Structure formats: C-alpha cells, structure tokens
Amino acid sequence: MLGGPGLESVVDQFISVITNDGRNIVGVLKGFDQATNIILDESHERVYSTKEGVQQLVLGLYIIRGDNIGVIGELDEELDASLNLSELRAHPLKPVIH
C-alpha cells in the first residue's frame, strides 16, 4: 500500500483507489497532501456485479478525502487495457466496519 511520501513516485500515473465504503476508483494521480487527500484526473468508478460486466462511471477530475481511502495501488496500464471488463463478474466490496 502506498501512502504519504510514497505517493510522489506515482504522481501523473494511473492508480486504483479502494475507499472505505467499498468503491473502486481509477484515475491519474495529480496531487496529494499530508492528510493523503488525493486529486485524480480522468477518473472513473468501476462498479462490480455478479450479474453483469463491470460498469464504468465517468467522474473526471475527482478529489478523495484521505480518511475515506482504504487502499491505494499502482495500476499496470498494459494489463488493465487487456482486460475485458464487460466479461468480468465479481461481488461488490463491502464497506469497512470500524
């Protein structure tokens, strides 16, 4: 998991963020602060379902508060581009319960 100063190495690269409420948001990291609030550009949310393929909801320029971030990870753009998201089926993630 990346966080704090470790995010400097992935600025201007595609990342995947899983929020505490179970959302999966993918986009280009444009900036972050000491509280790990992040700014994503060209972002979209991937909505998973067991009945149909992955839906991608366009978000555009998007800010995520650091206290709502569960996991931040680098995204392999080549591998991601080779996936057929319309064929993928998965259970949606459940929210983090504290």
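Visitor: How far apart are the mean positions of the positive and negative charges in this chain?
Guide: In this predicted model, the mean position of the 7 positive charges and that of the 15 negative charges of the protein chain are 11 Å apart.

Visitor: And what about the surface, how much of that belongs to carbon and sulfur atoms?
Guide: The accessible surface of the protein chain comes to about 6200 Å², and 54% of this area belongs to carbon and sulfur atoms.

Visitor: Okay, switching to the fold: which elements are there, and in what order do they run?
Guide: The protein chain has five strands and one helix, and, read from the N terminus on, the order is β-β-β-β-β-α.

Visitor: What does the radius of gyration say about the overall shape?
Guide: A compact globule of 98 residues would have a radius of gyration near 13 Å, and because the protein chain has 13 Å, the value agrees with that expectation. Along the principal axes, the C-alpha atoms fill a box of roughly 40 × 35 × 20 Å.

Visitor: How much of the chain is buried?
Guide: Buried residues make up 33% of the 98 residues. As for contacts with a separation of 6 or more, 52% of them are accounted for by residues 24 or more positions apart.

Visitor: Which residues make up the largest nonpolar core?
Guide: That core has eleven residues in all, namely L7, V10, I15, V17, I25, L29, I38, L40, I64, I69 and I72. At least two residues of this core come from each of the strands β1 (14–19), β2 (24–32), β3 (38–47) and β5 (69–74).

Visitor: Now T19, is that one buried or exposed?
Guide: T19, which lies in strand β1, has a relative accessible area of 4%, and because buried means under 20%, T19 counts as buried.

Visitor: What is T19 in contact with, leaving aside its neighbours within four places in sequence?
Guide: With those neighbours left aside, T19 is in contact with I25, I64, N68, I69 and G70; of these partners, I25, I64 and I69 are also members of the largest nonpolar core.

Visitor: And K30, where does that lie?
Guide: K30 lies in strand β2 and, at 41% relative accessibility, counts as partly exposed, because that class sits between the 20% limit for buried and the 50% limit for exposed.

Visitor: Which residues does K30 contact beyond its neighbours within four places?
Guide: Those contacts are with V11, D12, I39 and D41. K30 and V10 are 20 residues apart in sequence, while their C-alpha atoms are 9.0 Å apart in space.

Key: Residues numbered from 1 in each chain as written. Predicted model: local features only at pLDDT ≥ 70, side-chain atom pairs only at ≥ 80, totals over all residues. Heavy atoms only, no water. Core = buried A, V, L, I, M, F, W, Y, C linked by side-chain atoms within 4.5 Å. Buried < 20%, exposed > 50% of the residue type's maximum accessible area, 1.4 Å probe, protein only. Rg over C-alpha atoms; globule rule 2.2 N^0.38 Å. Contact = heavy atoms within 4.5 Å. Areas by Shrake-Rupley, 256 points an atom, 1.4 Å probe, with all protein chains shown as cover. Lys, Arg positive; Asp, Glu negative; His and termini not counted. Charge placed at Lys NZ, Arg CZ, Asp CG, Glu CD.
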